[in-house]
Amino acid sequence: MCGVVGYVGDRDCTDVLINALSKLEYRGYDSAGIAVFERNKIVVEKCQGKLKNLVTKLESEHKPLGHCGIGHTRWATHGEPSDINSHPHGNKRVTIVHNGIIENYRQLKDFLSNEGYSFESQTDTETVAKLLDYYYDGNPLDTITKVVTEIEGSYALGIIFRDFPDTIFAVRKDSPLIVGLGENENFIASDVPAILKYTKNYYLLEQDEIAIIKKDRVKVYDVHHNLLNKEVMVADWDINSAEKCGYEHFMLKEIHEQPTAITNTVSPRVFDGMPNLEECGITVDYLKGISRLFIVACGTAMHAGIVGKYVIEDLARVPVTVDMASEFIYRNPIIDSSDLVILISQSGETADTKSALKLAKQCGAKTLSIVNVVGSSIARESDMVIYTHAGPEISVASTKAYSVQLAIMYLIAFELSYAKEKISLDACKEYTSKLMDIPNLITETLEHKNICQKIASKIMNATSLLYIGRGLDYALSMEGSLKLKELSYIHSEAYASGELKHGTISLVDDEMPVIAVATQDRLFDKTISNIKEVKARGAKVILVCKESANVDDDIADYIIRIPATDNILMPMITTVPLQLIAYYTAVHRGNNVDQPRNLAKSVTVE
Ligand code: F6R
């Protein structure tokens, strides 16, 4: 939800800002803008649409030349995407970029209007810019402090004052912001990929810390203006992780990165063939005492939780409740200090998941987060954290993050089942070893690209699709369906195949393709019967099953046979063809795969 960047140093500031913004476009792409000091004056260039529109504007009109400035890529909340609503906002004295939401902006706007200020945009951000101007007394630190005590909501702010043409000021609350530390140059950014080309060292700004950033030094103060001694973090993501490296889209690259991502996530947590999550604070003794679990997350991450529920309940016999974070926080859930609440989040910044974490803590529950972005809010605020090592996920549609979230679900399920004496040491080792073999099977599965491409060409003109399956296949289908929807803009729904005949089958006709997932041996024949039912109603059927499945070729119009492993682990393989089908359908329809319409990767608003 909006990307914020800033640069001060000897390079061409505009070039650095554009490059940094290009790595944050996944956070929003409704408009982009920059503000750069040109001969001590703040020059703002901004426009609606993707970053490339801004680049074209800079090339054809005016490219600010300078060495200090801020930039923004927007996901609109307050006010439609337009030139006027694009950031930066402000005036000749103070200009800002903002990620977050100012909840009391109406009151502030009324107050400032009474003080004689007028407003151009419909944004909440403009009130912060004007409030800074209102309080500005020549001392930016005092001014920012006054403003942050008056604004309510979330913010990561990059601020420049005309009187300080070599300095960026930054402050954050509930929206992420880092300060990149280079050699005689420094940066601000909403996320690490923006600075990777220039440096791997950075400070994580904590709540309400104020940073004063010059090219040769960075000072960070707390709200009481105490100078802080910040720990330098070192990003372990390499520069290639934020580049396409020859792939047409980040999504395709990230689908292919899944084997490595899973190995990086699982291997460090396996000792002597057994899962071991002790470094994250989870011991066998602790697991023994768990009597029920809650998993709370949004979107794809929640779908990983649903697979987790099936696996944990099946193997460990521990009841698991899975909630969408946006529902959890308003349904008055019954949890207490004996419960473990697991929050899953790629970004670690999702507003609803953050609120769920807060609620779980208020109820006294123990919290464990499964997070990809190191140092993100959810990771820092939960009692225990397991980092997934997927590397940066740039494509808005999540793929490799989902796979590594699943991998962690399995590690927890195996260790918990062992702790609860539901499986033996040997069985636990065997499951773990099969999990470690998944990357090889995914590599093999990726060879099925062509059939997925062909299927995509057949379904690309459908207006609606069904995904059907039972048990784990159903849980996995939810993710397949979400992927198709968000990328292709074709409506689809995942349905438990056994439930079809209770109503939904009336939708089925020869216009509605059905993707049937049947990888669970125990349920295979039942799903095949359901396939026959939809075929009898004219549906074109695509079947995803194990290579070894004993099924006639004419049972479906297309069959994708994927490598087999233990039934319980099949979702890790099955997800791949579903990702590829969604990917190629979007490509065939000419959609923007990495940046689907109306979406942003890090959803930091409720
Ligand atoms: C879909 C997708 C979203 C996210 C969801 C949660 O492809 O990426 O559904 O999974 O917005 O985001 P995180 O995991 O960052 O909390």
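**Exercise 1. Is R93 buried, partly exposed or exposed, and at what relative accessibility?**

Solution. This is a predicted model, in which local features need pLDDT of at least 70, side-chain atom pairs count only at pLDDT 80 or more, and totals for chains, interfaces and linings use all residues. Residues are numbered from 1 along each chain as its sequence is written, and side-chain values use heavy atoms, with hydrogens and water left out.

Step 1. Take the classes: buried is under 20% relative accessible area, exposed is over 50%, and partly exposed is in between (1.4 Å probe, protein chains only).

Step 2. R93 has 28% relative accessibility, so R93 counts as partly exposed.

**Exercise 2. Describe the salt bridge between D133 and R93.**

Solution. Step 1. Apply the criterion: a side-chain nitrogen of Lys or Arg within 4 Å of a carboxyl oxygen of Asp or Glu. The N to O distance for D133 and R93 is 2.9 Å.

Step 1. Locate both ends, with helices (H or I, at least four residues) and strands (E, at least two) taken as DSSP runs numbered from the N terminus. D133 belongs to helix α4 (residues 125-135) and R93 to the loop between β5 (89-90) and β6 (94-102), so the bridge ties together parts 40 residues apart in sequence.

Step 2. For context, the same criterion gives a count of 29 salt bridges.

**Exercise 3. Describe the salt bridges E313 to K309 and K434 to D566 by distance and by location.**

Solution. Step 1. In the pair E313 and K309, the closest N and O atoms are 3.1 Å apart. The two residues are four apart in helix α9 (residues 299-316), so about one helical turn separates them. E313 is partly exposed at 23% relative accessibility, and K309 is partly exposed at 25%.

Step 1. In the pair K434 and D566, the N to O distance is 3.4 Å. This pair links distant parts of the chain, with K434 in helix α14 (residues 425-445) and D566 in the loop between β26 and α18 (570-588), 132 residues apart. K434 is partly exposed at 26% relative accessibility, as is D566 at 22%.

Step 2. Salt bridges can also share partners: D12, D15 and K63 are joined into one network in this way.

**Exercise 4. Which strands pair with β9, and in which sense?**

Solution. Step 1. Two strands pair if DSSP finds at least two bridges between them. Strands of a sheet pair through backbone hydrogen bonds, either parallel or antiparallel.

Step 1. β9 pairs with β10 (residues 186-189) in the antiparallel sense over four bridges. Within this pairing, G180 is opposite F187.

Step 2. β9 also pairs with β11 (residues 201-204), again antiparallel, over three bridges. Here the bridge partner of G180 is Y202.

Step 3. Check the side-chain directions in β9 (residues 178-181): I178 and G180 point one way, V179 and L181 the other way, and all are buried.

Step 4. The hairpin of β9 and β10 has four residues between the strands, and N184 in this hairpin has a positive phi near 60 degrees.

**Exercise 5. What is the strand order of the open sheet with six strands?**

Solution. Step 1. The order is β5-β6-β7-β8-β12-β13, with antiparallel pairing.

Step 1. β5 and β13 (218-221) are the edge strands, each pairing on one side only.

Step 2. Inside the sheet, nine bridges join β6 to β7 (residues 153-161), and these two run antiparallel. H98 is opposite L157 of β7.

**Exercise 6. Locate the backbone exceptions at P88, Y489 and N598.**

Solution. Step 1. Recall the background: most residues other than glycine have a negative phi, and most peptide bonds are trans.

Step 1. The peptide bond joining H87 and P88 is cis, with omega about 0 degrees. P88 sits in the loop between β4 (68-74) and β5.

Step 2. Y489 has a positive phi near 65 degrees. Y489 is in the loop between α16 and β23 (491-496) and is partly exposed, at 24% relative accessibility.

Step 3. N598 also has a positive phi near 65 degrees. N598 lies in the segment after α18 and is exposed, with a relative accessible area of 62%.
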